[in-house]
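We'll hop from one stop to the next.

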Amino acid sequence: MQGRIIKGIGGFYYVASAGGNIYECRAKGIFRKEKMKPLVGDYGEIEIIDEKEKTGNLVKILPRKNQLIRPAVANIDQALVIFAVREPNPNFMLLDRFLITMERQNVPVIICLNKEDLGDEEEIKEIVEIYSSCGYQVLVTSAQKELGIQELRRELEGKTTAVAGPSGAGKSSLTNLLAPDVQMETGEISKKLGRGRHTTRHSQLIPLGEETYLMDTPGFTSFYVEDMEKEELRHCFPEFAPYEGECRFQGCTHTHEPGCKVKEALQEGKISSRRYENYQEIYKELEEKRRY
Ligand SMILES: Nc1nc2c(ncn2[C@@H]2O[C@H](COP(=O)(O)OP(=O)(O)O)[C@@H](O)[C@H]2O)c(=O)[nH]1
Ligand SMILES: [Mg+2]
Ligand SMILES: [Zn+2]
């Protein structure tokens, strides 16, 4: 029987079947021999051990569409990065790093700007404009006022979406609105229970509907751009793409070269200066790392 791994804890894999049952499975030894670790999001084949107890063996993993490295999950269609207009204030460096890591792995990103109710209209407009002009889909929501939820739901339809974003941005609150029968702990509740940040949790798929899943990935909150050649970085800024190959020098890094079309576009206000500054900072970081 085929199913999808929705959770993996302590050597057990929880596999959801097409019929809506969840089987607790162990992976057979073949995986260890093949050095292949089953991942949350994997489609696989199971042999049922006990139908009443809903236990089985995971015997095969079907070919993956893709595989993220951090978090280690499989078969992601897109990522949703949620951040708040206020409380906490947006950290654009963090957002840009996240976008880079997804660009690099060819995962489309939807940006969700939450807590619209706390924000300044002009500021929200500016953020939406900057990231839309880079080619990203940007949604504005308020979990508190239940604004923009239908639009968000539409974007998730039929896809597996990995959710990311800083703590406190409203990830759990939005998830609860999208999947009312799941009920993730939101900030207030975890405070009440005295748990919060240090609770160990695992990646899991939350079913929202037919073939529609949210991948909740705790720890998917900080992003390091690593193991990357500095020359690769410019390809992770989609707004640079129209100028690629147009600069005076071949292989222009858009940092210091004369006759650079990206810098021209920056001066003309066609490229966000904050995005460009973050590009330069990360570029420098990658350059320095190579020296050690
Ligand atoms: N004002 C306002 N508060 C929100 C909104 N969304 C979430 N919150 C609050 O922000 C806090 C953190 O939300 P939570 O969903 O736990 O964030 P998470 O850490 O990203 O999962 C909670 O106290 C929520 O009630 C919103 O749209 N507007
Ligand atoms: Mg949360
Ligand atoms: Zn250039």
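What spacing do the donors of the zinc ion (ligand 3) follow along the chain? They follow C-x4-C-x1-H-x5-C. Before you zoom in, note that this is a predicted model, where local features need pLDDT of at least 70, side-chain atom pairs count only at pLDDT 80 or more, and totals for chains, interfaces and linings use all residues. Residues are numbered from 1 along each chain as its sequence is written, chains are lettered from A and ligands numbered from 1 in the order in which they are written, and side-chain values use heavy atoms, with hydrogens and water left out.

**Stop 1: the zinc ion.** Select ligand 3 together with Cys247 (SG), Cys252 (SG), His254 (ND1) and Cys260 (SG), its protein donors, at 2.1 to 2.4 Å. Donors here are N, O and S atoms within 2.8 Å of the metal (3.2 Å for Na, K and Ca); water is not among the atoms, so sites may look incomplete. Check the angles among the four donor atoms: they span 105 to 114°, and the site is tetrahedral (for four donors, all angles between 85 and 135 degrees). Now colour by accessibility. Histidine 254 counts as buried because its relative accessibility is 1%, and cysteine 260 is buried too, at 5% (buried means under 20% relative accessible area, with a 1.4 Å probe and protein chains only).

**Stop 2: threonine 175.** Jump to helix H5, residues 171-178, where threonine 175 sits (helices are DSSP runs of H or I, at least four residues; strands are runs of E, at least two; both are numbered from the N terminus). Threonine 175 counts as buried, with 7% relative accessibility. Leaving out residues up to four places away in sequence, it touches Met184, Ile206 and Leu214 (contact means heavy atoms within 4.5 Å).

**Stop 3: the strands.** Show S1 (residues 2-9) and S4 (residues 43-50), which pair antiparallel over three bridges (pairing takes at least two DSSP bridges). Arginine 4 has tyrosine 43 in S4 as its bridge partner. In the hairpin of S4 and S5, with four residues between the strands, click lysine 54 for a positive phi near 55°.

**Stop 4: the domains.** Finally, colour domain 1 (2-61), domain 2 (67-216) and domain 3 (230-291) as the domain assignment gives them (an automatic or database assignment). Eleven residues from domain 1 and 13 residues from domain 2 make the contact between these two.

Terms used
Tetrahedral: all angles 85-135°; square planar, octahedral: opposite > 155°, others 65-115°. Buried < 20%, exposed > 50% of the residue type's maximum accessible area, 1.4 Å probe, protein only.
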